[in-house]
Amino acid sequence: MPELQRRILLVEDEESLILTLRDRFESEGYAVTVQSDGESALAAGTRSPFDLIVLDVALPKKNGFDVCRDLRQRGIQTPILMLTARGQVVDRVVGLKLGADDYLTKPFEMMELLARVEALLRRSRTMAANASDSFAFGPVHVDFRSAEVRREGAPVELSTLEIKLLRYFVEHRGAVVGRDELLDKVWGYDATPVTRTVDVHVASLRQKLEANPSKPEYIVTVHGLGYKFTG
Ligand code: CA
């Protein structure tokens, strides 16, 4: 199976560094999206699933620490590598406390950055691989290989489509997934069928898995955008 191209969100406001990093990441085979202020970075990181976020601390509009904290508060679990200024030891500690996974002090060697990036991606890939066999959230335990779902230990019957939908949510947990995306990836439609189909199946999943389906805790609605799985 060919490996999917890894997507990196690069958040940096220094033109020359953006050029250098983008070039280098792309030549390593990564797909790169650049945002150069904190607010756009937060929006992009919330909206689309990335495999890694490289996040500068000193940014216009919203600094990297705040972006990191807000992403984590929104349930986004994408690995974050923070770029801190030289000698700011306190910054590193703050960054890790706010949910960053690693940090690198500027100026850095390109090889060092690439090594850190690869290490973080490897780590998250291992986590994703584990999640693909079985996954637990709250009182729910799912074994995707045997398609067995239990809630508080009791078996729950899910249709094949519901299992597929749940799997897609689990694999994209923390990211907002739109109805069109779900139709495309779970149902496999090319055309634009009724997105209401998605809502019906999501409602059914909630009915089976959520303690209070009208106030879902795990499969939440993101108004105007779609859904987000927060398990
Ligand atoms: Ca900066």
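In this predicted model, strand 1 (residues 7-11) and strand 3 run parallel and are joined by four bridges. Leucine 9 stands opposite isoleucine 53 of strand 3. Strand 3 also runs parallel to strand 4 (residues 80-84), again with four bridges. Here the bridge partner of isoleucine 53 is isoleucine 80. Between strand 3 and strand 4 the chain passes through helix 3 (residues 64-73), and this β-α-β crossover is right-handed.

Strand 3 (residues 52-56) is largely enclosed by the rest of the structure, because five of its five residues are buried. Leu52, Val54 and Asp56 point one way, Ile53 and Leu55 the other.

Helix 1 (residues 15-27) has 13 residues and should span 18 Å at 1.5 Å a residue; its end C-alpha atoms are 18 Å apart, which agrees. Leu17, Ile18, Leu21 and Phe25 of helix 1 are buried. These residues cover an arc of only 100° around the axis, so they lie on the same side of helix 1. Glycine 29 follows helix 1 and has a positive phi, near 95°.

Arginine 151 belongs to strand 8 (residues 148-151). Its relative accessible area is 18%, under the 20% limit, so arginine 151 counts as buried. The arginine 151 side chain reaches the backbone oxygen of leucine 209 at 2.7 Å. Beyond four places in sequence, arginine 151 touches Pro139, Val140, Val156, Lys208, Leu209, Glu210 and Ala211.

How values were computed. Residues numbered from 1 in each chain as written. Predicted model: local features only at pLDDT ≥ 70, side-chain atom pairs only at ≥ 80, totals over all residues. Heavy atoms only, no water. Helix = DSSP H or I, 4+ residues; strand = E, 2+ residues; numbered from the N terminus. Buried < 20%, exposed > 50% of the residue type's maximum accessible area, 1.4 Å probe, protein only. Polar contact = N/O pair within 3.5 Å; in protein donor to acceptor, adjacent residues only side chain to side chain. Contact = heavy atoms within 4.5 Å. Expected span 1.5 Å × (residues − 1). Arc of directions from axis to C-beta. Pairing = 2+ DSSP bridges. Right-handed = clockwise from strand over helix to strand, strands pointing away.
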